[in-house]
Amino acid sequence: TFSTLAQAPAKVKLKPDVEKFISQMVQQHQFNEAALRQVFAQLKGNEGVVKAINAPATSKPWYEFKNIFVTPTRTSGGVTFWTENAEQLKRARDIYGVPEEIIVSIIGVESIYGKRTGSFRVIDALYTLAFEMSERATYFRGEMEQFLLLARENRLDPLAVKGSFAGAIGMPQFMPTSYRRFAVDFDSDGKIDLWENVTDIIGSVAHYLQYFGWVAGQPIVVPARISGTDYKDIVEKGFKPHLTLEKMLPKGVEPTEPVPAELVAGLFSLEAEQGPEYWLALNNFYTITRYNRSKNYAMAVYLLAGAIARERDAQLTAQAVPPANQ
């Protein structure tokens, strides 16, 4: 009888919220109740997750954040990644309208091209955020639901998958909901793999940005000159584009580069070491923040993308110039 008891941990006492979640998974998605109970009986809150979610890198001042993400290592890594995957990156740009350097930069910021995809068990991170912390519990319960579905669909052991402290997965660090909704089988091999399959990863990042409104050929962000005090009202409304550049001019906000006056923008400041810098966020900047809702994040993606594109151009130019003695 002892062995049958060991087989059946069915009545471990679980939190009421967890009990409710399990019965929803059984009713809505036909999960096996005993199997789910067995999984949840092994889970507990993770201190590292709590610490990390309360002090994310994106909350650092810009001048510190920038130096973590816009680095020579990520730049040269990006050039290599682009060279190795040039054909798929071009195809993604042609289909989804997102420039190669933006796709590459996001993968660089998210995981240094797959070198850092997270050391937390995804299920521990999601359990902690969904059942041990009240702040965004509903959101993270939704992610736990999607994660269990993703694991089932892809025959993954839910206790073995690793990811970030927030439960983001794979080289592009997609949350489970995004993985199931926006990831694409870009090489048409019948399955989607955001861990190892670089073609799927490239297509999925581009598809995600296109879905959230990327417009091909439009500027992303432009430095602004400000004067007077009216500009403060615009900053307060945040970086989501809400006012045409034309209407910003009388309020003392002027782009420092030529941009079509009818484009709609938001205005935001970044903490530079010398004091605040002001920038105009256009539609594509806002689209990058759909990946991570932080102006620091979007700015790092933008600057790293520029650095990668410049270094790649310099290398291609150097290769194209024949040696002088020929």
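**View 1. Helix 6 and helix 8 are oblique to each other in this predicted model.** The axes of helix 6 (residues 72-84) and helix 8 (residues 100-111) come within 10 Å and cross at roughly 125 degrees, where angles under 35 degrees count as roughly parallel, over 145 as roughly antiparallel, 65 to 115 as roughly perpendicular and the rest as oblique. Helices (H or I, at least four residues) and strands (E, at least two) are DSSP runs numbered from the N terminus, and axes are lines fitted to C-alpha atoms, for helices over the stretch in contact, with angles from 0 to 180 degrees between N-to-C directions. R74, G78, F81 and W82 of helix 6 make the contact with E100, E101, V104, I107, G108 and V109 of helix 8, contact meaning heavy atoms within 4.5 Å.

**View 2. H207 in helix 12 (residues 198-211).** With 17% relative accessibility, H207 counts as buried (under 20% relative accessible area; exposed is over 50% and partly exposed in between, with a 1.4 Å probe and protein chains only).

**View 3. V264 in strand 6 (residues 264-272).**

Residues are numbered from 1 along each chain as its sequence is written, and side-chain values use heavy atoms, with hydrogens and water left out. Because the model is predicted, local features need pLDDT of at least 70 and side-chain atom pairs count only at pLDDT 80 or more, whereas totals for chains, interfaces and linings use all residues.
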